[in-house]
Amino acid sequence: MDSETKPFIETSDEPASRFRGAPWHLWVVGVLALLWNSFGANDYLQTQMGNLAYFEKTLGESMGVSAVQAMEYFRGFPGWLVAFWALGVWGAVLGSILLLLRSRWADPAFVASLVGLGVTTAYQEFSSAPAWVKSNTNVTMSIVIWSIAVFLLIYAASMRRKGVLK
C-alpha cells in the first residue's frame, strides 16, 4: 500500500490517544466542574419535579421562606425562562463533560450556559421577585456562580487555543 492510500478501517488507537498528553489540571478542573455543575442540575431537576422535601432540606429556615412559597415562585416562571434556566444548567454540565472528553465543543457549551445564566439572573434582578430571592445570601451565591462559569469558559477557550481540546 502506498503512503497516499489510507486503509478503510483506521487501526490507530486514536480514542485512547485522545486522553494522553492532556495537562493534569484539565482533569482536576473537568472533574470539579462536573461535580459543581451537577449541583445545579440536581437543583433544576428537583424544582421541575416539585420535590418539596428537597426545598425543605435546602432552604430550611435560613432564607425565611417555606418550601411551598419557594415552589410557587419557581412554578410561576414563564416557559421561556425555564428554557433559559435549562440552557444554563445543562450547557454547563455538557461543557464539563466535553472538557473531560477534550472536545473543542466545550467552550461553545459554556457560552450557551452563560447565556442561560445571564437571562435567568436578569429576570431575577429586574422582575418583582420576593425579598428572599434578592437576599445577600443569593447575591453572594450568584457572584460565585458567575465567577465559576466565566472561569470555565476562559479555561476551555484557553485549552482549545493550545490544542488540548480537539
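A: A contact means heavy atoms within 4.5 Å. Among contacts in the chain between residues at least 6 apart in sequence, 75% join residues at least 24 apart. This is a predicted model, in which local features need pLDDT of at least 70, side-chain atom pairs count only at pLDDT 80 or more, and totals for chains, interfaces and linings use all residues. Residues are numbered from 1 along each chain as its sequence is written, and side-chain values use heavy atoms, with hydrogens and water left out.

Q: Why does Trp24 count as exposed?
A: Exposed means over 50% relative accessible area, buried under 20%, and partly exposed in between (1.4 Å probe, protein chains only). Trp24 has 64% relative accessibility and therefore counts as exposed.

Q: Where is Trp24 found?
A: Trp24 lies in helix H2, residues 24-48; helices are DSSP runs of H or I with at least four residues, numbered from the N terminus.

Q: What span should the 25 residues of H2 have, and how far apart are its end C-alpha atoms?
A: The expected span is 1.5 Å times one less than the number of residues. For H2 this should give 36 Å, and because its end C-alpha atoms are 36 Å apart, the two agree.

Q: Which residues in H2 are buried?
A: Among them are Leu26, Val29, Gly30, Ala33 and Tyr44. Of the 166 residues of the chain, 37% count as buried.

Q: How many helices and strands are there in the chain?
A: The chain has seven helices and zero strands.

Definitions and conventions
Helix = DSSP H or I, 4+ residues; strand = E, 2+ residues; numbered from the N terminus.
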